[in-house]
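Dear colleague,

Please find below the structure for your records.

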2 protein chains.
Amino acid sequence: MVSREVYDLVRECAERSKAAARKLAIASETAKNAALERIAESLLARQAEILAANSIDMENGRAKGLSSALLDRLLLTPERIAAMAEGVREVMALPDPVGEITELKPRPSGIKVGKMRVPLGVIGIIYEARPNVTVDAAALCLKAGNSVLLRGGSEAFNSNTKLAQILSEALMAAGLPNDAVQLIPTTDRASIKAMATLDDLIDVLIARGGESLMSALAGATVPLFKHGKGICHTYIDLDADLAKAIEIAFNAKVSRPGVCNAMETLLVHREIAPRVLPELGRRLQEAGVELVGDETVQQLIPGTGAATEEDWATEYLALKLAIRVVDSFAEAVEHIQRYGSQHSEAIVTENYATALRFLEQVDAAAVFVNASTRFNDGGQFGLGAEIGISTQKLHARGPMGIRELTTTKFVVFGNGEVR
Amino acid sequence: MVSREVYDLVRECAERSKAAARKLAIASETAKNAALERIAESLLARQAEILAANSIDMENGRAKGLSSALLDRLLLTPERIAAMAEGVREVMALPDPVGEITELKPRPSGIKVGKMRVPLGVIGIIYEARPNVTVDAAALCLKAGNSVLLRGGSEAFNSNTKLAQILSEALMAAGLPNDAVQLIPTTDRASIKAMATLDDLIDVLIARGGESLMSALAGATVPLFKHGKGICHTYIDLDADLAKAIEIAFNAKVSRPGVCNAMETLLVHREIAPRVLPELGRRLQEAGVELVGDETVQQLIPGTGAATEEDWATEYLALKLAIRVVDSFAEAVEHIQRYGSQHSEAIVTENYATALRFLEQVDAAAVFVNASTRFNDGGQFGLGAEIGISTQKLHARGPMGIRELTTTKFVVFGNGEVR
């Protein structure tokens, strides 16, 4: 059960967020940009304060024996602070989606009906170690006219507290409500449950974290934007161009294996396998990729291990790849539907009809023909800054940009009409 | 806890739904329309079977002592069956949203990125007495390429079973998967909980029912389309046209008081109250509307009762109206934000700036200037048939038409690009 004091504390923060959201929702783009500029300036001007707070977190982290990878994620440097400020200016440059009215049409009754784009309201963000999320996510939410209620990880508590303070003060200095950015002032685990159930105050939760965070959010009544895992496939079709196939598959696995849009399983049509797998396998192995596959693959690429059922369902996030030879296009699609996580799926083919069939039949956030799955990214897709990649189907699917942080309302212009 | 047998039964149905959804997702508009035409014909041709099944439900209902209102909702007649068939043909006439690719743009990397509209997949519908929902909702979901898993109320079980059978057989006769429409073959309460947690198989739940259904759905892991209540306001501004104000307010309350877009509270600016309330009050009273209000209202309209705090927060759904006099536009907006359910909110004013401020500041599914809240309806807004009115902010807000039963996926056309 949620401890009463933590719940009350979070509720009080969320009430202030909601009050601030009402003011922010009607703030002009000029006012929001002025606040973002003030935030960017403050981050640079108050670098020493940020580094001092961060050094406490780093010291605590070392004392707690955090891994060097985690410590690196936690670390702030003058360069990283400058990058945060730069990120805020990039968000500033995005067009403000709020207030646009589309599809305004007269109806037979005489009323004119359109849709006005408006902020979601209060966005809760629950995230782990990296303190830059505090600034990146808050800036994007603010530009879209939303209040942000942040709940960072305990390792970064001092850094996050300082960053949230700077953001809040910059907002106030720019004439916007300082409560529009708040950090929950506790890292008690109960605060996550509290946020997840304040559906009268928080409009949506963005959760960035692993399995344990997701299970803490089971039973949430506030809608969630989920960042699911990426078990991504590349299928090299019978009619693939060999050179493209090798480049695309190599890139999808090797260019950045630790991210969600990296390929985890390669599917190859049986007829083309003898021509593509020996060379591709060698290149992957030279790049340090561990290969597992079915019997045919093991014969075609020396040094390949045996793939188990579990391999097809694993997101390695590492230099490891499962390879399977399939007898047909249908078998490839069947494999993707069975094991894929509906994230990023690619086909390599020169056959027009096969390409279109793949686009139609494969159900995923992004489906690619003759391109690397690594392109599944807000920047690459032209959305500007992104708040994450959604693998859910409702509201937002794929990279989520500033527009996905808004909703619409119907607006009706009448002249005395009744029904 | 969910009883194991019921859970397994529902899970099995949902698995068949998902398999059918994959086939339906790539069915052509021609094939879907042929199936809908076959459904319409079958409903008419098999009217006797439907009426026989319905008469069992009616008999059971009378034995159970259902109210005459409930019995009327349950009753099917040749006319009502004809209306269902007509509804199916109207859905047939809606344009198929599936497959459209929008926003296709070349990116600096060379890839072309667009968004393809695709079905949601499996839609679960949980509803109460009225058997026509079985046909109306299923037709709309099918046209959008979705499988439908229906869980109707126990009172209509025989009618629903027959209707689902007719739909399923018509699909099969038209060459589409018969499992695309299924009725859960039990009305055990545990089947609702089971549907609500099958998030690996069901993409969204549409729940049509009262508070007890909503509380049964607490803890759902499948996303829900909620039909919230409608505590709708009309605000008669200082600068209102008197004739329009009276017509709009009268219509919003009286034309159909039992529906969610009917007005429940009238707000009137203090300066115009003496000119508008006496006449409007008399007309409302003549139409049988019971009035409650603050002291000023009680003075201006003889026979008005005293409004309590509870009145401002009540959805009467009846010929009863709460009236409050406010000192300013700001006080009206404040009242709406505090007591409104973000459904339908209207202002009556001839003042340009005030009208725009109302549109901007009031947060609701639909905001009206100089028109009756009763227009908040899919047909009136030009969406065609609707599956309900959403008061949530994510994915769908306001009347939900066929488009809201779909999602998008990113599609990428490449020519060997890597990142």
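In this predicted model, 53 residues of chain B are in contact with 53 residues of chain A (contact: C-beta atoms, placed from the backbone, within 7 Å). On the side of chain B that touches chain A, at least two residues each come from E2, helix H10 (242-254), helix H15 (352-361), strand E14 (366-371), helix H16 (378-381) and strand E17 (406-417) of chain B. Helices (H or I, at least four residues) and strands (E, at least two) are DSSP runs, numbered from the N terminus. E17(B) gives the largest share of that side, 11 residues. Its residues divide into 24 nonpolar, 16 polar and 13 charged (nonpolar: Ala, Val, Leu, Ile, Met, Phe, Trp, Tyr, Cys and Pro; charged: Asp, Glu, Lys and Arg; polar: the others, Gly among them).

An open sheet of 10 strands with mixed pairing has the order E11(A)-E10(A)-E12(A)-E9(A)-E8(A)-E13(A)-E14(A)-E17(B)-E2(B)-E1(B); strands pair if DSSP finds at least two bridges between them. Strand E11 (305-306) of chain A and strand E1 (101-106) of chain B stand at the edges with a single partner strand each, so one side of each lacks a neighbour in the sheet. E1(B) pairs with strand E2 (residues 112-119) of chain B in the antiparallel sense over 4 bridges, and Thr102(B) stands opposite Lys115(B).

Strand E17 (residues 406-417) of chain A pairs with E14(B) in the parallel sense over 5 bridges, where Phe413(A) stands opposite Val369(B).

Residues are numbered from 1 along each chain as its sequence is written, and chains are lettered from A and ligands numbered from 1 in the order in which they are written. As the model is predicted, local features need pLDDT of at least 70 and side-chain atom pairs count only at pLDDT 80 or more, while totals for chains, interfaces and linings use all residues.

With kind regards

Key:
Two residues are in contact if their C-beta atoms, placed from the backbone, lie within 7 Å.
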